[in-house]
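Me: I am new to this structure and would like to learn how to read it one feature at a time. Could you give me the general idea behind each feature and then show me the case here?

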Amino acid sequence: MTTDIYAASLMSANLVKTKPERSVDKVVEKMNKHNINSVVVEGEDYLGIFTTSDLVCAIDSNNKPVEKLSVVECATENPVSVNPTSDLQTVLQILFKENFHHVLVESEGKLCGIISTSDVVDYVSLIDHKI
């Protein structure tokens, strides 16, 4: 079953992005506005992901208030990615063995989507209801 499901079916192509210099409080506002748990941090020479887990770490380990912290100070740099033809097993290995909640999807060096653990659960539950 897991070899018949590919990243392209699981991913959300509607990426919410922010610039590395944005303050954490503004990025959190954006996350709340879109009801999401992560944003892609994309700059000229930078690619990262900022998640709610990164927010918790930033608050816990930083002496600056979040409005004075730039998102690049807290984001995960060079996040792991898969390609759209990666199967579900590959995606699950990355998510669970590495204890990640999100994995980016890239095609030919360009970012095209993101997969969260919630996306996987939602997709699998839909399949379960069809059986």
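Reply: Let us begin with a term: a salt bridge is a side-chain nitrogen of Lys or Arg within 4 Å of a carboxyl oxygen of Asp or Glu. Before applying it, please keep in mind that this is a predicted model, in which local features need pLDDT of at least 70 and side-chain atom pairs count only at pLDDT 80 or more, while totals for chains, interfaces and linings use all residues. Residues are numbered from 1 along each chain as its sequence is written, and side-chain values use heavy atoms, with hydrogens and water left out.

Me: How many salt bridges does a search of the whole structure find?

Reply: The general idea is that side chains of opposite charge can pair when their charged atoms come close. Searching the whole structure gives 2 salt bridges. In one of them K17 pairs with E42, and their closest N and O atoms are 3.0 Å apart. This pair links distant parts of the chain, since K17 belongs to strand 1 and E42 to strand 2, 25 residues apart. A salt bridge also joins E73 to K64, where the closest N and O atoms are 3.1 Å apart.

Me: What do the helices and strands come to for the chain?

Reply: Helices (H or I, at least four residues) and strands (E, at least two) are DSSP runs, numbered from the N terminus. By that count the chain has 5 helices and 7 strands, and from the N terminus on its elements run α-β-α-β-β-α-β-β-α-β-β-α.

Me: What is the order of the strands in the open sheet of 4 strands?

Reply: Strands of a sheet pair through backbone hydrogen bonds, either parallel or antiparallel, and two strands are taken as paired if DSSP finds at least two bridges between them. Here the open sheet has the order 1-2-3-4, with mixed pairing. Strand 1 (17-18) and strand 4 (76-77) stand at the edges with a single partner strand each, so one side of each is left without a neighbour in the sheet. Strand 1 pairs with strand 2 (residues 38-43) in the parallel sense over 2 bridges, and V41 in strand 2 is the bridge partner of T18.

Me: Which helix packs on the sheet and touches strand 3 and strand 4?

Reply: That is helix 3 (residues 52-61), whose direction makes about 85° with that of strand 3. Touching is judged by contact, which means heavy atoms within 4.5 Å; the axes are lines fitted to C-alpha atoms, for helices over the stretch in contact, and angles run from 0 to 180 degrees between N-to-C directions.

Me: Which residues of helix 4 are buried?

Reply: An α-helix has 3.6 residues a turn, so residues three or four places apart point the same way. In helix 4 (residues 88-97) the buried residues are L88, V91, I94 and L95. They cover an arc of only 130° around the axis (the arc of the directions from the helix axis to the C-beta atoms), which puts them on the same side of helix 4. The face turned away from this buried side carries the exposed residues F96 and K97.

Me: Where is N99 placed?

Reply: N99 is in the loop between helix 4 and strand 6. Its phi is near 60°, a positive value in a residue other than glycine, and N99 is exposed, with a relative accessible area of 61%.

Me: In what sense do strand 6 and strand 7 pair?

Reply: Strand 6 (residues 102-107) and strand 7 pair in the antiparallel sense over 6 bridges, with V105 opposite G113 in strand 7. The hairpin they form has 2 residues between the strands, and E108 in this hairpin takes a positive phi near 50°. In strand 7 (residues 110-116), 5 of the 7 residues are buried, so strand 7 is largely enclosed by the rest of the structure.

Definitions and conventions. Buried means under 20% relative accessible area, exposed over 50%, partly exposed in between (1.4 Å probe, protein chains only).
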